[in-house]
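Sequence and structure go in here, and my look-ups follow.

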Amino acid sequence: MTIIQVCIGSACHLKGSYNVINRLQNIIREKKLDSQITVKAAFCLGECTKAVSVKVNDKAIQSLNEEGVESFLNAILAEEGV
Amino acid sequence: MSCFIDVGFDSINKHGEELCGDKVEIIKGEDGIIIVLADGLGSGVKANILATLTSKIAGTMLRQGASIHETVDTIVNTLPVCNVRKLAYSTFTILKIYKDGRIYSVEYDNPPLILVKDKRITEVDKKQVEINGRMLKESNFHLQEGDVLTIISDGVVHAGVGAILNLGWQWSNVADYIGQISKVEKCAKNISKALIDACQNLYDYKAGDDATVVTVKLRRPEVIDLFTGPPKEPEEDCSVVKRLVQGIGRKVVCGGTAANIVSRELGQALDVSMEFPDPEIPPIAYIKGIDLVTEGVLTLSKTIDKMKAFIFNPSVYTISKSEQMDGASQLTKLLIEDCTHLNLWVGTAVNPAHQNPDFPSDLSIKGKVVEELAMLMKQLGKEVKLTYI
């Protein structure tokens, strides 16, 4: 199970975490990945300059925007081998 | 802890007038509160001046310990004489409310005060006093927890005259209405707003006279401790959270970092909701033992917008019926209805998010937002304590 934490702190919220979360959830639903990937909201991850901050499992925090969601997910899927 | 004197007041201006001819003056003192409601003769500028003079003179003199006799005498001799009516005239009601619930009231030509005691309209014994040829009504009585006392200007009783109703509604109808809403509404401001809203409707939004309502309610103090922003020194985290948890009131945490600190110090999980009831406001979160956890500066500034709408827009009085349960709406409801004493614990550590050049500049200084919140709460008559940590 892969857990994606999306920061919804002030800076990330302004940079569009709402859209990022929606997009993530939509793609996961379309591709029926619910059993493999869980999306969670998180309060400030402490990397406000990287808004929108996203954390996959315990890996380093990355920066993500709405357009990048699809390739971001593909990268995870490739890495996890699912 | 003794009861809290919750005061709310609202006015509408006569249709087409920029100034209100009614004036409310509220003076808080050591032993209680003095409230003066003055209704100047006529409307517009002239009435406004008469009412302002009356309420200011009465408020200032009574606070300094002058007798009611001296005060009325001064008012009568000071007010400018109206050119049309050759009169110097403003009606008024004065309330002196002591912390233990004792009330001293003086009424001069305003509609009688409305007292709801034990959920029933109760008559007050009044004594006629003559000062300089003017008849005043004086009374002494007691308020207990939950009792609601309302004073109104005649524009309230006349609401609807010539529009929806031939004779307006009568004092007894106003009293019944107050009796009904007192059962439902918890805070004084909601009661005064509801009554003013009813007047607006009866006048069909074209008020024929200035109308003012002042509501006083004795209620049990309700404390809210609100913690926002990380303390300047991280070593303080532990003691701040300890003090927050030891407080007797409700606990609110506004801010991602602050929430993380509380979660860590309490050893309780921080569970962030994925629901966005309003896409503009970040979701809330849950920590066991904390009544409300929200994001920081965005939620707080939205809360301020909502509070301003509630305070300054007479037609918005339905804050508690709001279906929206986003963080800002929940916080607004808590602060307006369920709070008499607000303790703000404001961390002063620099937030990297707010140093981002793309961040809207008016949000960059959270201190400003918090100060504005404190000011609005004081305007609502709440006791506010601001502590920087």
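**Ground rules.** This is a predicted model, where local features need pLDDT of at least 70 and side-chain atom pairs count only at pLDDT 80 or more, while totals for chains, interfaces and linings use all residues. Residues are numbered from 1 along each chain as its sequence is written, and chains are lettered from A and ligands numbered from 1 in the order in which they are written. I take helices (H or I, at least four residues) and strands (E, at least two) as DSSP runs, numbered from the N terminus.

**The sheet in chain B.** I followed β2(B) to β3 (residues 32–40) and found seven bridges joining the antiparallel pair. Strands count as paired if DSSP finds at least two bridges between them. Stepping back, I see an open sheet of six strands in the order β2-β3-β4-β5-β9-β8 of chain B, with antiparallel pairing. Its edge strands are β2 (22–28) and β8 (127–131) of chain B, each of which pairs on one side only. On average, neighbouring strands here are turned by 15 degrees against each other, direction ignored. Axes are lines fitted to C-alpha atoms, for helices over the stretch in contact, and angles run from 0 to 180 degrees between N-to-C directions.

**Helices across the sheet.** I find α1 (residues 44–63) of chain B lying across β2, β3 and β4 (90–98), at about 155 degrees to β3(B). Helix α2 (residues 68–78) of chain B lies across β5 (102–108), β8 and β9 (134–142), at about 50 degrees to β8(B). I call two residues in contact if their C-beta atoms, placed from the backbone, lie within 7 Å.

Buried residues of α1(B) include Leu50(B), Ile57(B) and Leu62(B), and their cover includes β2, β3, α2 and β4 of chain B. After α1(B) comes Gly65(B), with a positive phi near 95 degrees.

**Helix α6(B).** Which residues of α6 (residues 237–246) of chain B are buried? I get Val240(B), Val241(B) and Leu244(B). Seen down the axis of α6(B), they fall within an arc of 95 degrees, so they line one face of the helix. The arc is that of the directions from the helix axis to the C-beta atoms. On the other side, Ser239(B), Lys242(B) and Gln246(B) are exposed. My cut-offs: buried means 20 or more other C-beta atoms within 10 Å of a residue's own, exposed 12 or fewer, partly exposed in between, with C-beta atoms placed from the backbone. The buried residues of α6(B) pack against β12 (223–228), β13 (250–254), α7 (256–266) and β17 (341–346) of chain B.

Most residues other than glycine have a negative phi. Asp204(B) has a positive one near 55 degrees, and Tyr205(B) has one near 60 degrees. Asp204(B) sits in the loop between α5 (188–202) and β11 (211–219) of chain B, and I find Tyr205(B) in the loop between α5 and β11 too. Asp204(B) counts as partly exposed because 13 C-beta neighbours lie inside 10 Å; Tyr205(B), with 12, counts as exposed.
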